Amino acid sequence: MTRAYATDEQYERWYMTECCRCGRRRHKAGTWPDGYVCRTCSDRAVRTRGTCPGCGQGRALPGLRPGDGVPICTTCAGFSRTFDCSHCGFGGKLLGGRLCERCTLSDRLTALLDDGTGRIRPALVPLFNLLVAMDKPSSGLAWLAMRRSQPTNASRLLQQLGLGQISLTHDAFHELQPWRTAAHLEGLLMTSGVLPTVDKYLCSFQRWLPGHLASITDPEHVKTIRLFATWRVLPRLRARAERSHITPSVRRFAAEQIKYATAFLQWLGQRNNSRAGQPARPDHLSARLNEAGIPAAAARGAAIRQQLLELPAPVVADALGYHNKTTGRLIRETGGTWSRHAAGDHTRSPTSRPPREAGDS
């Protein structure tokens, strides 16, 4: 594509001028009765609406009345052309085909939400009506034009919705990327009634979870964390959403539970990849407990002394494989009173009566 000008001086002379409205040297947007105007002043002027003081009609007021500079319509200002939309007749900023911003937005949405039959997918008509009726259609056009170079921009997602390539479910949107665009579109679908309303922080967690799972390298860890999120974390969030609104702190705590569980699994894997299904020797367990700051010997002694306070020393000795003298010494050190079994027949219930002798009355 060749340039229409040969030098920068020609470009400056042909396309740049001093704006009659703001006084700055800018690109020419048009020639109006009061002089050249730049694009910024032109857009601002054609969006000015009200009752024209000259003709008394309600319409766009891009012109300025000589003398006092009061906004007036194109007819009263002596414009050679109007700013009326060729489709709906609305006066304002015109885009391609001399269409206003709202008609342009309507045409683009109709093309994007086409289900392949030349009409909007019936289930998406409420979304179409919501977007076309927005207060500032220019914002909708800017949203559709964002990230055009990315394959998953807003326009592409709308096109996939129209063709039925994206299911109208919350779970389907939680898998989409970029998540901000998907989240905004999901919110619009809930507002229009296409999707049921769900707590926004619950949706935020469900959008965050797939990305976190994708960052885990161990497939077995992925399965474990997915089960933990599905059967433990998500049910609690849904129950909280049914009772009241989920707060940002609750949302952060749910994510932290997943992160800590992931870190714990990674720690286990790094400690000993051979820790699972194999018996551990006592000396190995003792060393691991000492590494964790738990004194195994002291803990074992304390546990034996506690048992001696609750059970006879011979019973503890038989159960743990200690000598009777050892348990007897420990019971004396702890101040216990159990030193040996009570005398009598231990096979008989304490509450049963002795057999009656012959001749007893």
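User: What do buried and exposed mean here?
Analyst: Buried means under 20% relative accessible area, exposed means over 50%, and partly exposed is in between, using a 1.4 Å probe and protein chains only. F83 counts as buried because its relative accessibility is 7%. W32 is buried too, because its value is 6%.

User: Before going on, what kind of model is this?
Analyst: This is a predicted model, where local features need pLDDT of at least 70 and side-chain atom pairs count only at pLDDT 80 or more, while totals for chains, interfaces and linings use all residues. Residues are numbered from 1 along each chain as its sequence is written, and side-chain values use heavy atoms, with hydrogens and water left out.

User: What is the average pLDDT of the chain?
Analyst: pLDDT is the predictor's confidence in each residue, from 0 to 100. Where it is low, the predicted coordinates should not be read in detail. Here the chain averages 83, and 89% of the residues score at least 70.

User: How many bridges pair β2 with β3?
Analyst: Two strands pair if DSSP finds at least two bridges between them. Strand β2 (residues 25-32) and strand β3 (residues 35-38) have 4, in the antiparallel sense. A hairpin of 2 residues joins them, and W32 stands opposite G35 in β3.

User: How many aromatic pairs does the structure hold?
Analyst: Rings of Phe, Tyr and Trp (its six-membered ring) pair if their centres lie within 6.5 Å; planes under 30 degrees apart are stacked, over 60 edge-to-face, and the rest tilted. There are 5 such pairs. One of them, W32 with F79, is edge-to-face, at 5.1 Å centre to centre and 65° between the planes. W32 lies in strand β2 and F79 in the loop between α3 (74-77) and α4 (101-112), so this pair ties together parts 47 residues apart in sequence. W32 also pairs edge-to-face with F83, at 5.8 Å and 65°. F83 is in the loop between α3 and α4, 51 residues from W32. Together, W32, F79 and F83 form one aromatic cluster.

User: How many disulfides are found?
Analyst: A disulfide is a pair of cysteine sulfur atoms within 2.5 Å. The search of the whole structure finds 0. For C103, the nearest cysteine sulfur is that of C88, 3.6 Å away.
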